[in-house]
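Reader: I would like to learn how to read the features of a model like this one. Please go through them in turn.
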Amino acid sequence: MKELPWEVLESEALADEPVRIVHERVRTHTGAVLDYYYQPKPIQVVFTLPLTPRKTALMIRQYRHPTREFLLEVPAGKVDPGEEIEAAARRELLEEVGAEAGRLVAFPAFYPQPSFNAAVFNPFLALESRVVRPPQLESGELLETVELPLTEVYRLLETGSIKDASTALTLFYARPWLREHGYCQP
């Protein structure tokens with residue numbers, strides 16, 4: 001086992017559902033003692049930018065209670081235990097916008113907030129997405145599907161109107177691929 005630079009002096013679970021949150025008292029590499037609160041369990045999350053054959057994006061406008069705002073986002077959600085990451089991307093797309101996709105293009109996974117959780121976010125591009133049924137939302141979800149031209153999505157990103165960081169990073173990852181394949185201009 002590798003030696004860690006911080007020593008855990010005390011650890012207690014503060015919550016287990018819907019996510020595990022722990023409080024640890026740690027001694028850092030400098031000898032300082034800190035209280036640290038975080039989500040330790042690594043979870044996988046998918047973020048999917050669905051593109052229709054018309055070069056429009058199926059975005060969602062979702063209420064996010066901590067911000068007290070509706071945010072423009074790509075469909076996203078947790079990967080269920082035992083579920084493949086690509087299958088989760090397809091499932092979330094179907095649940096949140098009622099769409100099925102043809103080909104999925106995966107982009108590099110990333111840690112969105114490693115200072116307080118171990119979540120791994122997996123961005124995808126979902127080509128040939130088509131709405132096939134109404135969304136099937138969870139009881140705590142308040143969202144609507146918003147179909148926008150891809151050029152408008154990138155204009156909103158560049159003007160700061162897309163405030164969700166994971167959506168923004170998914171769009172930034174997708175842009176070179178989209179340009180290379182003729183979906184948007186350089």
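Reader: Which residues does Met 59 touch, leaving out those up to four places away in sequence?

Author: This is a predicted model, and the contacts are computed from it. Beyond four places in sequence, Met 59 touches Leu 49, Leu 72, Glu 73, Val 74, Val 97, Glu 144, Thr 145, Val 146, Leu 148, Val 153, Ile 162 and Thr 167.

Reader: Which residues of the largest nonpolar core touch the most other members?

Author: That core has 31 residues, and the ones touching the most other members are Leu 49, Leu 51, Met 59, Leu 125, Tyr 154, Ile 162 and Leu 178. Two or more residues come from each of strand S4 (44-50), strand S5 (56-64), strand S10 (120-126), strand S12 (143-149), helix H2 (150-158) and helix H3 (165-180). Another core, of 14 residues, lies apart from it; Val 79, Ala 89, Leu 93 and Ala 99 are among its members.

Reader: How do I read a sheet? In what order do the strands of the 3-strand sheet lie?

Author: In general, the strands of a sheet pair through backbone hydrogen bonds, and the pairing is parallel or antiparallel. Here the order is S6-S5-S12, in an open sheet with antiparallel pairing. Strand S6 (69-73) and S12 each have a single partner strand, so these edge strands are left without a neighbour in the sheet on one side. On average, neighbouring strands of this sheet are turned by 30 degrees against each other, direction ignored.

Reader: How many bridges join S5 to S12, and which residue in S12 stands opposite Met 59?

Author: The antiparallel pair S5 and S12 is joined by 7 bridges. Val 146 in S12 is the residue opposite Met 59, and Val 146 is also listed among the contacts of Met 59. Helix H1 (residues 85-97) packs on this sheet and touches S5 and S12; the direction of H1 makes about 70 degrees with that of S5.

Reader: What describes two packed helices?

Author: For H2 and H3, the axes come within 11 Å and cross at roughly 130 degrees. The two helices are therefore oblique to each other. The crossing in which H2 passes H3 is left-handed.

Reader: Which residues meet where H2 and H3 pack?

Author: H2 contributes Leu 150, Val 153, Tyr 154, Leu 157 and Glu 158, which meet Ala 168, Leu 171, Phe 172, Ala 174, Arg 175 and Leu 178 in H3. Tyr 154 and Leu 178 were also named among the core residues that touch the most other members.

Reader: What joins S1 to S2?

Author: A hairpin, through 5 residues. Strand S1 (residues 7-15) and strand S2 (residues 21-27) pair over 7 bridges in the antiparallel sense, with Glu 12 opposite His 23 in S2. S2 is also joined to strand S3 (residues 33-38), by 6 bridges and again antiparallel; there, Arg 27 stands opposite Val 33. S2 and S3 form a hairpin with 5 residues between them, and Gly 31 in the turn has a positive phi of about 95 degrees.

Methods. Residues are numbered from 1 along each chain as its sequence is written. This is a predicted model: local features need pLDDT of at least 70, side-chain atom pairs count only at pLDDT 80 or more; totals for chains, interfaces and linings use all residues. Side-chain values use heavy atoms; hydrogens and water are left out. A nonpolar core is a set of buried Ala, Val, Leu, Ile, Met, Phe, Trp, Tyr and Cys residues joined through side-chain atoms within 4.5 Å. Buried means under 20% relative accessible area, exposed over 50%, partly exposed in between (1.4 Å probe, protein chains only). Helices (H or I, at least four residues) and strands (E, at least two) are DSSP runs, numbered from the N terminus. Contact means heavy atoms within 4.5 Å. Two strands pair if DSSP finds at least two bridges between them. Axes are lines fitted to C-alpha atoms, for helices over the stretch in contact, and angles run from 0 to 180 degrees between N-to-C directions. Angles under 35 degrees count as roughly parallel, over 145 as roughly antiparallel, 65 to 115 as roughly perpendicular and the rest as oblique. A crossing is left-handed if the near helix is turned anticlockwise from the far one by less than a right angle, and right-handed if clockwise.
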